[in-house]
Amino acid sequence: VLNIVSVAAGSSHSLALRSDGKIFAWGRNSSGATTVPASATNIVAIATTWFGNIALRADGKLLTWGADPAIPGQATLTNIVEIAGKGGIGSPAGMALNRNGNVFATGTPATATNIMAIGGSGLTYMAVKAVGSPIFPLPAVRRTVTPGQTAYLRLRAVGALPLTYQWSFQGTNLPGATN
């Protein structure tokens with residue numbers, strides 16, 4: 001598989017995300033963890049739980065499959081910018097962060113607001129509060145597409161909220177490009 005931009009690993013399965021937004025899965029197919037749905041298109045991020053998976057679409061919506069990636073309200077969530085999963089027998093689950101700094105996960109405390117980053121491992125989640133001036137913590141991931149295809153970019157700023165975005169090309173703002 002060429003042009004891999006991200007990988008994730010569950011208890012006995014793994015995922016790889018290619019630059020064109022396509023997901024590849026391998027390993028033990030417990031509860032359908034390696035059966036990638038046909039609807040898994042335009043994906044910009046992936047995460048795994050014990051026997052399940054979470055994918056973030058370019059439009060900020062979620063796709064989950066397998067046994068345990070439940071995120072409260074996942075069918076109606078929008079403007080998601082980051083995802084995480086945790087594993088562990090008896091408590092696997094998924095987590096999502098929206099552009100307003102709100103966290104969506106089972107058992108999230110009311111103080112989990114103004115969050116800029118999330119992560120999960122084993123039996124725990126972690127969230128980092130947004131403070132300070134905006135920065136881009138990671139470089140943009142390179143995308144390669146053939147002529148006529150759509151390229152999906154993902155570059156996220158973090159810092160004290162609210163943040164606004166404006167994409168530009170050669171110094172000129174792109175109309176409506178504010179996500």
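The model is predicted, so local features are taken at pLDDT of at least 70 and side-chain atom pairs only at pLDDT 80 or more, while totals for chains, interfaces and linings use all residues. Residues are numbered from 1 along each chain as its sequence is written, and side-chain values use heavy atoms, with hydrogens and water left out.

**Overall fold**

The protein chain contains zero helices and 13 strands; helices (H or I, at least four residues) and strands (E, at least two) are DSSP runs, numbered from the N terminus. The radius of gyration, taken over C-alpha atoms, is 16 Å, close to the 16 Å that the globule rule gives for 179 residues, so the chain is as compact as a globular protein of that length. That rule is 2.2 Å times the number of residues to the power 0.38. The C-alpha trace spans about 50 × 45 × 25 Å along its principal axes. Of the 179 residues, 35% are buried, meaning under 20% relative accessible area with a 1.4 Å probe, protein chains only.

**Strand pairing**

Three strands form an open antiparallel sheet in the order S1-S2-S3. Strands S1 (4-9) and S3 (23-27) stand at the edges with a single partner strand each, so one side of each is left without a neighbour in the sheet. Two strands pair if DSSP finds at least two bridges between them. Two antiparallel pairs are set out below.

| Strand pair | Bridges | Bridge partners |
|---|---|---|
| S2 (residues 13-18) and S3 | Five | Leu-15 and Ala-25 |
| S10 (residues 115-121) and S11 (residues 124-129) | Six | Ala-117 and Val-128 |

The hairpin of S10 and S11 has two residues between the strands, and Gly-122 takes a positive phi near 55° there.

**Nonpolar cores**

A nonpolar core is a set of buried Ala, Val, Leu, Ile, Met, Phe, Trp, Tyr and Cys residues joined through side-chain atoms within 4.5 Å. The largest has 11 residues, including Val-44, Ile-54, Leu-77 and Ile-83. Strands S4 (43-48), S5 (52-57) and S7 (80-86) are the elements that give two or more residues to this core, and S4 gives the most, with three. A second, separate core of 10 residues includes Ala-8, Leu-15, Ile-46 and Leu-63.

Leaving aside residues up to four places away in sequence, Ile-83 touches several residues, among them Ala-45, Ile-46, Leu-62, Met-95 and Ile-118. Contact here means heavy atoms within 4.5 Å.

Definitions and conventions:
Buried < 20%, exposed > 50% of the residue type's maximum accessible area, 1.4 Å probe, protein only.
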